[in-house]
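Here is a walk through one protein chain. Keep the sequence and the 3D view side by side while you read.

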Amino acid sequence: MFTIVIDIETLADKIIADAARNQATDIHIIPRKNDTLVQIRLTNKLIPLLSLPKEECDRLISHFKFTANMDIGERRRPQSGAIICEVNGQLMGLRLSTLPSNSRESLVIRMLPQQEQIPFHQISLFPTMTRKLLALLKHAHGLIILTGPTGSGKTTTLYSLLTETAHLFHRNVITLEDPIEKKYDSVLQVQVNEKAGVTYAAGLKAILRHDPDIIMVGEIRDAETAKIAVRAALTGHLVLSTMHTRDAKGAVYRLYEFGVNWLEVEQTLIAVTAQRLVELTCPFCAGECSPFCHSNGRWKRASIFELLTGRNLSLVMRAAKGEKVEVKYRTIKDVIKKGIVLGYIKESEYDRLVYNYEEE
């Protein structure tokens, strides 16, 4: 970490370029009492990038806000914005979020490489799961839900699946997102715009009249969206969406909380997955990797899945309705254990991701 004072526009470009070169997922600009700290997120760690004089913080954040067409004069409420720019010869989407602190604003920038597409065969650490996911997309209609925390790679998985099925099965794919994180030519993308009346619910109703084969809903956030997504699956469409739940069976209970008709859920829900991004064992470093290790970056991580489908899914639905049934299937915990035993996944990932699972 070092102290630097240069032109604000040049400084902003340098921060973005450095983050992109290091394959960072986020940039944090944090005001402190005596200075400003700029950090980047590499895998699951925040790495200090540079320190700026205290007075440079507001200027830097104002520059980013101006570029993203945000209100520069408003510093008392959170704001969000987006920029598409070229970084190191590649298109990069930047999603900005400001948050007022006790004295000044802080800014977080999510890095979204527009041209980065994970090959379908690399979606899962274990190839068997990749084949199972693709097999799910052969259904003509139904509902598939992907769950996991923010940053677990749900959207990337969704797009890899949709791009593959659009080419493989020649289907019309329409997405409804808030916001559109990456632009793809193979699918028709619709941006949620609540000010213009395009909510998740209204957008879904309009999409149903647009002759889709597959509908991707960015996220099921409320009861209305959940009910419309289920009914869209009933009308002969394959619907894919995401939820924020801890595990796969949590999505079934969430649908129950939303008040969705259980008969409709049983007729439409095909599968639920839970996903995590795990850090792989570095072939060059013993133990923890240095931030400057040349193998460092996103490709040093992989997705693992917990899949709930078929008989196990039916048992979970019965359990959600209050029946006493025993459900046993391979959970995230089991997959992580397998990866550690085979030497693919760091042992520290078990403590990080499985702390909230009950030990047998």
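Begin with the whole. This is a predicted model. The chain holds 11 helices and 13 strands. Its C-alpha trace spans about 60 × 55 × 40 Å along the principal axes. How does the radius of gyration of the chain agree with that of a compact globule? For 360 residues, a compact globule would have a value near 21 Å; the chain has 22 Å, so the two agree.

Next, look at how the chain is packed. Buried residues make up 52% of the 360 residues. Now take the contacts between residues at least 6 apart in sequence. Of these, 61% join residues at least 24 apart. The accessible surface comes to about 17900 Å². Carbon and sulfur atoms account for 51% of that surface. As for charge, there are 46 positive and 41 negative side chains. The centres of these two sets lie 3 Å apart.

Now go inside. The largest nonpolar core has 51 residues. Which of its residues touch the most other members? They are V252, L269 and V272. Helix α6, residues 223-234, gives the most to this core, with 6 residues. A second, separate core has 30 residues, among them I8, L11, A24 and I61.

Stay with L269 for a moment. Set aside its neighbours within four places in sequence. L269 is then in contact with L143, I145, V252, L255, L313 and M317. Two of these names, V252 and L255, come back in helix α7. That helix covers residues 248-257. Its buried residues are A248, G250, A251, V252 and L255. Just after α7 comes G259, with a positive phi of about 80°.

Is T273 buried or exposed? Its relative accessible area is 1%, so T273 is buried. Leave out neighbours within four places in sequence, and T273 is in contact with L133, I145, L146, T147, A248, F305, E306 and L307. A248 in this list is one of the buried residues of α7. I145 is in contact with T273, and I145 is in contact with L269 too. For a sense of distance, pick T175, which is 98 residues from T273 along the chain. The C-alpha atoms of T273 and T175 are separated by 19 Å.

Move on to helix α10, residues 332-341, where G339 has its place. G339 has a relative accessible area of 0%, and it therefore counts as buried. Which residues are in contact with G339, leaving aside neighbours within four places in sequence? They are F126, Y344 and I345. E105 is 234 residues from G339 along the chain. Between the C-alpha atoms of G339 and E105 there are 41 Å.

A buried residue can also sit in a loop, as A68 shows. A68 is found between α2 (56-67) and β4 (79-87). Its relative accessibility is 9%, and because buried means under 20%, A68 counts as buried. Not counting residues up to four places away in sequence, A68 touches G81, A82, I83 and L96. I83 is 15 residues from A68 along the chain. Their C-alpha atoms are separated by 5.4 Å.

P48 has 40% relative accessibility, so it counts as partly exposed. I15 is 33 residues from P48 along the chain, and their C-alpha atoms are separated by 12 Å.

Two loop residues complete the tour. Q23 lies in the loop between α1 (8-21) and β1 (26-31). Q23 is not a glycine, yet it has a positive phi of about 60°. At 31% relative accessibility, Q23 is partly exposed. D211 is found in the loop between α5 (200-208) and β10 (214-217). D211 is a residue other than glycine, and its phi is positive, near 55°. Why does D211 count as exposed? Its relative accessible area is 61%, and exposed means over 50%.

How values were computed:
Residues numbered from 1 in each chain as written. Predicted model: local features only at pLDDT ≥ 70, side-chain atom pairs only at ≥ 80, totals over all residues. Heavy atoms only, no water. Buried < 20%, exposed > 50% of the residue type's maximum accessible area, 1.4 Å probe, protein only. Helix = DSSP H or I, 4+ residues; strand = E, 2+ residues; numbered from the N terminus. Rg over C-alpha atoms; globule rule 2.2 N^0.38 Å. Contact = heavy atoms within 4.5 Å. Areas by Shrake-Rupley, 256 points an atom, 1.4 Å probe, with all protein chains shown as cover. Lys, Arg positive; Asp, Glu negative; His and termini not counted. Charge placed at Lys NZ, Arg CZ, Asp CG, Glu CD. Core = buried A, V, L, I, M, F, W, Y, C linked by side-chain atoms within 4.5 Å.
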